[in-house]
Amino acid sequence: MVKKQEHEIPLTSFRIEDSFWSYFQKLVTDVVIPYQEQILNDELPDVEKSHAIENFRIAAGKSDGEYYGMVFQDSDVAKWLEAVAYSLTLNPNPELEKRADDIIELIGQAQQEDGYLNTYFTVKEPEHRWQNLHDCHELYCAGHMIEAAVAWYESTGKTNLLDIMCRMADHIDNRFGKGKVRGIPGHEEIELALLRLYRATGEERYLHLSQYFIDERGTQPDYFEEEEKNRGWHFWSKDGSDKNYAQNYAPVREQDHATGHSVRAMYLYTAMADLAGEIHDESLWQACLRLFDSTVNRQMYLTGGIGSSVHGEAFTVDYDLPNDTIYAETCASIGLVFFARRMLELKPDRRFSDVMERALYNGVLSGMQHDGKRFFYVNPLEVIPGLSGVQPEYKHVIPKRPKWYACACCPPNVSRLLTSLSAYAWGESVGQNDKTPSPADSENEAAASTDTCDTVYSHLYIGGTFTSKAGGGVTIRTETSYPWDGAVCYTVTPDSAASEFTLAVRIPGWCRDFLVSLNGQVLDTNSLDLRDGYLYVNRSWTNGDQLKLSFDMPVRRVYANPLVREDAGCVALMRGPLVYCLEQEDNGPQLQTVRLPKDSILTAENASDPVLGSYTAVRATALRLTPGDDLYSDEPPKAEETVLHAVPYYLWGNRSEGEMRVWIPEV
């Protein structure tokens with residue numbers, strides 16, 4: 001029987017003070033949140049119009065005017081409010097909190113007497129409420145606002161937004177469910193939000209409603225097609241007969257491959273994993289394992305990007321991972337982080353934390369300009385001037401981050417993830433048996449499960465101070481220069497003279513050699529307790545105990561499965577968790593002519609740039625083919641020696657506009 005092996009930890013339990021991540025958290029709190037607030041209030045004339053807050057004013061009767069924006073425009077405000085809530089745990093800001101409270105008051109004024117809350121249908125088409133679940137995203141918007149309400153309550157202790165969204169959740173519960181109106185959301189989100197609302201309020205109806213939406217999906221595969229036929233009116237519409245698009249092809253416990261809209265899939269799978277732990281549902285857990293495997297082992301880019309097709313922002317088929325017509329929406333990588341984190345709560349296993357790390361350092365960070373004022377929706381692995389962003393089949397692959405979007409789901413999604421990063425770095429299992437095996441566990445693991453001990457899990461190597469309840473209370477200080485350096489030091493300070501608990505630290509899958517020392521004594525790697533990629537150190541910890549790890553971090557050549565036809569004969573460069581790429585800025589144009597010899601030495605060097613700041617670059621001696629005058633020739637092209645300069649992928653596109661590529665032909 002599956003059960004949660006980790007408790008959720010409050011964001012305030014881990015204070016990040018990190019040479020890498022603190023920059024991004026400060027950027028979001030100081031620059032991104034105020035910048036996005038201006039956009040949501042239509043105060044920046046040179047960016048894509050939002051009108052999202054004005055829509056609430058109109059719905060509340062505070063302003064005249066017409067609704068403007070996408071049908072799910074409310075969700076932009078919700079995600080921004082959620083990011084604000086998390087930011088207040090990082091940096092109290094009474095002025096920002098007051099402005100957020102004013103927006104929450106406006107949201108409450110826009111709520112209808114029956115609890116319904118959605119500005120599009122309140123302002124524009126009130127007669128069509130709840131008639132188009134496939135396309136109009138009322139449940140999706142409600143879900144994001146519920147998440148914001150829970151975050152606001154947990155961060156500030158205020159129930160103003162929570163009260164509003166409990167009324168909306170009650171309205172939804174009164175309408176949908178067994179013996180009521182049948183329905184499932186076209187865009188999943190409400191499921192995971194209701195689980196958060198259940199834990200915040202203790203109201204079991206919200207748990208049961210989440211389970212209803214999850215259990216109902218796929219039981220009537222033609223549900224959206226029938227909805228389209230019966231409603232008698234149309235909004236912009238995705239074909240309701242496409243059962244894969246909304247993950248409606250089979251009941252969720254029978255689903256075995258990731259399909260359809262990639263963000264919707266990740267939100268659904270996140271909720272499935274969360275629910276599996278709440279109700280101890282082994283069949284749901286097994287489905288999550290299959291879907292995780294399908295996602296990351298057959299349909300994920302090296303950067304943690306998922307959803308390869310612009311058509312439906314969707315998965316296609318296994319191993320179809322084009323680099324130049326890619327989609328890889330930023331929100332999809334964020335959703336993958338959510339999914340991996342929930343899987344970790346059920347089973348501490350580095351196959352989940354490695355993917356979480358990969359997506360965070362690459363596919364998520366690439367979605368935001370280094371100055372916090374431009375954002376990518378699509379995250380390509382190859383950019384070709386004259387094609388990317390220009391030709392029809394490449395139109396979506398924009399070579400330069402825009403300031404905003406008409407469909408602006410990604411920018412505030414990045415903000416809410418980075419401000420809540422503390423929840424992803426650590427986990428703890430206190431007062432329960434953290435080794436409880438699932439039926440798939442080995443006999444040895446089952447035998448080991450008889451021991452009960454508080455366990456603290458270090459999933460990500462981020463500097464800062466973590467306060468845990470383990471062992472009666474303990475503080476763990478982490479110091480590291482990761483990802484530029486592989487040294488990590490944990491200093492333990494128990495609340496009492498001694499504290500017995502287990503510190504479990506991930507050993508990343510990319511690492512081939514590492515050293516571990518405890519209070520200066522190097523430990524024999526053959527005697528270490530290593531399980532599922534985690535190093536378990538159980539002892540009675542005393543004040544000042546130090547556990548140090550040193551990961552070897554050479555530049556690595558990475559090869560794709562031969563079934564990925566786009567990467568055949570190519571190599572990519574990684575160091576630690578970071579994927580690297582070539583940019584025209586450093587290497588000149590026509591990057592497709594570059595060849596990397598198999599015997600070329602790869603070196604990591606400290607670099608600095610006025611725009612990029614300090615970072616570790618990768619350099620290598622390579623060959624550049626010389627184009628001739630003829631389109632075809634009997635003679636192979638001549639090659640000249642050149643030196644390549646590769647930058648971390650998350651930093652690309654911050655300087656001049658030009659070519660970029662991750663995969664390099666190898667000779």
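How much space lies in the largest pocket? About 850 Å³, a volume being the space filled by probe spheres set on grid points that are joined across faces, edges and corners.

## Basis

This is a predicted model, in which local features need pLDDT of at least 70 and side-chain atom pairs pLDDT 80 or more, while totals for chains, interfaces and linings use all residues. Residues are numbered from 1 along each chain as its sequence is written, and side-chain values use heavy atoms, without hydrogens or water.

## Largest pocket

A pocket is an open set of points on a 1 Å grid over the protein atoms alone, where a 1.4 Å probe fits, with protein on both sides within 12 Å along at least five of seven lines; lining residues have an atom within 4 Å of a point. The lining has 35 residues, with E8, I9, E154, R196 and A423 nearest the centre. Among the elements that give two or more residues are α3 (74-90), α8 (190-201) and β5 (464-468); helices are DSSP runs of H or I of at least four residues, and strands runs of E of at least two.

Helix α6 gives the most, 5 residues. By class, the lining has 13 nonpolar, 9 polar and 13 charged residues.

## Helices α4 and α6

The axes of α4 (residues 94-110) and α6 (residues 138-156) come within 13 Å and cross at roughly 140 degrees, on a scale from 0 to 180 degrees between N-to-C directions.

The contact (heavy atoms within 4.5 Å) involves E97, A100, D101, I104 and I107 of α4 and M145, W152 and T156 of α6.

Definitions and conventions. Nonpolar A, V, L, I, M, F, W, Y, C, P; charged D, E, K, R; others polar.
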